[in-house]
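Okay, everyone, thanks for coming. Let me put the structure up on the screen, and then I'll walk you through it piece by piece.

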Amino acid sequence: MRISPYATLPQKVGVWTIRLFALLMCLYLAGPIVVFIPLSFSDKALFHYPIQSFSLRWYHQLVTSPEWLRAVLNSLAVATSASVLATILGVAAAFGLWRARFRGKEAVMMVIMTPMIVPAVISGVSMYLALAKVGLGNTHLGLILAHTALAAPLVVITVSATLSKFDTTLLRAAANLGANPLTAFRRVCLPVIASGVFTGAIFAFALSFDDVVVALFIAGPAQRTLPVQMYMQANDLVDLTITAAATVMLVLSLALMVGVEFMKKREVATAR
Amino acid sequence: MAAPASAAVSFGSVSASEPHDRLWRDLKRSQRAAQLRAIGLILPLVVFLILVFIVPIGMLLSRSVSDLAVPRALPATVAALAGWTPAKEIPPQVYPALVEDIGSAPQMLFGDAAARLETGTPGMRALMMKTRSRLQGAAPSDARKALTGISPKWDTMEGWVAIKQASGPLTDHYLLTALDLHRDELGKVTRVVAYERVFLAAIGRTFGIAFTVTALALLLGFPFAFLAATSSDRVSRILLFTVLLPFWTAMLVRALSWSVLLQRTGIINDALLRLGLVREPLDLMYNRFALCIALIHIFLPYMVLPLYSVMKTIPPQHMRAAASLGARPWMAFRRVYLPQVVPGIGAGALLVFIQCLGVFVVPALLGGPNDQGLPYYIAFYVNRVLNWGLAAALSVILLLSVAVLYALYVRLSGKSAMVLG
């Protein structure tokens with residue numbers, strides 16, 4: 001917000017107040033997120049500043065302690081599998097929804113969107129109940145299926161958004177040139193909507209990697225993911241491995257955020 | 001999937017002598033095939049979600065009204081009590097029926113039934129267990145004498161009323177309990193005694209916290225979004241980045257950051273002590289203040305982003321036009337700007353409110369015992385008490401609230417998904 005040269009004193013005060021407000025808000029929003037990063041490099045086991053000596057001991061702990069390492073590996077495996085499954089199911093459904101004309105499409109959309117609306121505690125409790133009934137309680141497969149269900153709607157949304165800008169005549173042109181529907185989709189449609197597909201896959205991965213509540217109910221000790229492990233250790237004031245884990249998660253989410261922004265740019269570029 | 005006849009091929013087979021309807025038919029057939037193919041693509045996800053998500057939700061919610069523990073364990077007693085109302089004498093046949101049931105019920109079923117009876121009438125579990133262990137599978141000739149000998153309670157109405165009220169297969173017991181109500185001996189719905197009233201307060205607290213957080217998020221988010229929408233590109237990018245940063249960071253990480261800041265040995269207390277502003281570290285964590293400040297931080301992006309996307313569409317000329325027509329800034333804001341932003345306010349407020357209702361991790365880490373909402377109680381009754389019926393009833397209340405607000409959100413924003421921007 002610029003100050004015009006003709007501004008009166010109260011106007012100037014107003015603009016400066018707004019600027020100060022914006023600065024404080026930025027501090028409030030971004031500040032807390034980075035406070036634990038320096039702590040994760042501390043040699044001492046205290047949530048204290050200033051840091052006397054630096055070391056990588058908490059990162060070392062993160063990749064060597066069996067509990068933490070298993071949590072990291074569980075998270076990576078579950079998030080990757082759930083993301084792949086959700087992307088396959090989600091892209092197919094989004095494409096089908098975009099092509100199909102039938103009554104009750106709204107109802108189908110509602111079914112697909114339910115996992116996004118239901119509070120995580122309810123999702124966690126009910127899937128815990130159901131997975132245990134079919135013998136999938138405390139299994140990796142159960143956790144992957146649960147995360148796939150939660151993530152698939154995100155893929156449908158992002159892919160649908162890109163598809164809505166896709167020109168149908170391109171598919172007809174491809175058919176006209178002799179391509180069967182699968183080839184037409186793979187060679188013509190997919191390259192154009194790729195950014196939406198990747199964005200959806202990233203969202204799905206992030207959702208699975210961030211989830212505490214559902215995993216808390218579904219995962220047994222052997223399936224414990226990184227966020228669950230962090231949640232369990234949250235009140236441990238001596239072991240700062242949690243700050244190293246939080247830093248790793250933060251860096252990962254930043255990387256995913258950059259990935260999504262990059263996809264947006266690419267989408268704008270292809271639209272031109 | 002059967003390979004459908006491609007439209008291009010059928011087109012080639014039309015000869016000059018054939019009428020147009022052949023072509024029409026082929027087109028229709030090809031369209032139908034495409035349609036089926038499209039539905040075939042949607043089906044896997046829909047079936048998957050129904051099996052993995054919707055059926056489990058239904059299973060949980062059905063537990064709020066289903067009541068099978070007692071009829072499963074004590075079928076003869078339930079049958080003997082069928083025609084009885086508490087206004088009448090206790091029918092004599094219930095005594096041998098109960099003795100028979102206790103003799104034949106497997107340990108686990110009996111334990112479930114005793115636990116269920118305890119949720120309706122405290123003391124019933126002890127009574128049932130005592131009766132079972134004293135009987136030790138014996139079949140006394142005078143069942144009534146044997147039972148009343150074990151506990152004089154079997155001579156009074158209370159125990160039989162408890163069994164009668166829990167005799168299923170459907171019950172309103174859990175839903176009533178979730179609203180601090182119960183049925184008295186005569187079956188009339190009344191409020192529970194004062195010290196047992198927990199849930200209405202919890203519901204009120206859940207909504208109260210959600211309301212506070214939403215209002216404060218609007219208060220902070222509105223000017224921030226306005227600034228982001230009206231500043232130069234560079235400033236606006238920085239502002240949006242600081243909003244997106246917490247949005248992308250895992251909720252758990254954000255909650256942990258606040259606990260690092262607010263702990264007794266945390267950064268804020270440390271700074272205050274060093275500056276000599278306080279003598280003793282302050283208790284900043286485990287209270288409503290800590291919870292709200294963290295929740296606002298966590299959900300602010302959901303307020304700012306919808307507001308920003310609406311504000312971005314309002315041309316600055318509108319305000320200038322209002323000013324040139326003589327409107328003072330406040331008037332122009334209220335009559336011209338605000339009405340155009342209302343959809344954004346509604347969408348943002350509902351998004352924040354809905355998320356606040358369902359939040360579990362943040363209150364668990366930062367809130368005190370008096371700051372826990374419905375999600376905490378649901379988890380509590382599943383994990384600690386194993387009272388699935390009550391957890392399900394509380395889920396029904398939470399889910400209904402969210403569904404109503406979500407329907408409002410869809411109405412207001414015209415979007416069927418809770419997406420941003």
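Start with residues 288-310 of chain B: this span is 100% helix and 0% strand, and its end C-alpha atoms sit 32 Å apart. Keep in mind that we're looking at a predicted model. This stretch is also one of those that UniProt, in an unreviewed entry, lists as "transmembrane region" in chain B, and 207-226 is another on that list. Residues 207-226 of chain B come out as 100% helix and 0% strand too, with 28 Å between the end C-alpha atoms.

Chain A has its own "transmembrane region" entries in UniProt, again unreviewed, including 110-131 and 184-207. For residues 184-207 of chain A, the model gives 100% helix, 0% strand, and end C-alpha atoms 31 Å apart. Residues 110-131 of chain A are 91% helix and 0% strand, and there the ends are 23 Å apart.

Now, the inside. Which residues touch the most other members of the largest nonpolar core? They're Leu295(B), Phe299(B), Val361(B), Val362(B) and Ile378(B), in a core of 170 residues. Helix H15 of chain B, residues 288-311, gives the most to this core, with 17 residues. And where does the core lie? Domain 1 (18-62) and domain 3 (199-413) of chain B both give residues to this core, so it lies between them. The C-alpha centres of those two domains, by the way, are 39 Å apart.

Let's zoom in on Ile378(B). Leaving out residues up to four places away in sequence, Ile378(B) touches Val121(A), Ile122(A) and Val125(A), plus Ala391(B), Leu394(B) and Ser395(B). There's also a second, separate core of 29 residues, and Val70(B), Ala80(B), Met128(B) and Ala162(B) are among them.

How do the two chains meet? On the chain A side 71 residues are in contact with 75 residues of chain B. Helix H1 of chain A, residues 9-34, gives the most to that side, with 10 residues. By class, the chain A side has 61 nonpolar, seven polar and three charged residues.

Last thing: confidence. The predictor gives the complex an ipTM of 0.90 and a pTM of 0.88. Chain B has a mean pLDDT of 87, and 94% of its residues reach 70 or more. Residues 1-12 of chain B, though, are below 50, and that stretch has 17 contacts in the model beyond near neighbours in sequence.

How values were computed
Residues are numbered from 1 along each chain as its sequence is written. Chains are lettered from A and ligands numbered from 1 in the order in which they are written. This is a predicted model: local features need pLDDT of at least 70, side-chain atom pairs count only at pLDDT 80 or more; totals for chains, interfaces and linings use all residues. Domain bounds come from an automatic or database domain assignment. UniProt positions are given in the numbering used here, feature names are shortened, and annotations may be inferred rather than shown by experiment. Helices (H or I, at least four residues) and strands (E, at least two) are DSSP runs, numbered from the N terminus. Two residues are in contact if their C-beta atoms, placed from the backbone, lie within 7 Å. Ala, Val, Leu, Ile, Met, Phe, Trp, Tyr, Cys and Pro count as nonpolar, Asp, Glu, Lys and Arg as charged, and the others, Gly among them, as polar. pLDDT is the predictor's confidence in each residue, from 0 to 100. A nonpolar core is a set of buried Ala, Val, Leu, Ile, Met, Phe, Trp, Tyr and Cys residues joined through C-beta atoms within 7 Å. A residue is buried if 20 or more other C-beta atoms lie within 10 Å of its own, exposed if 12 or fewer, and partly exposed in between; C-beta atoms are placed from the backbone.
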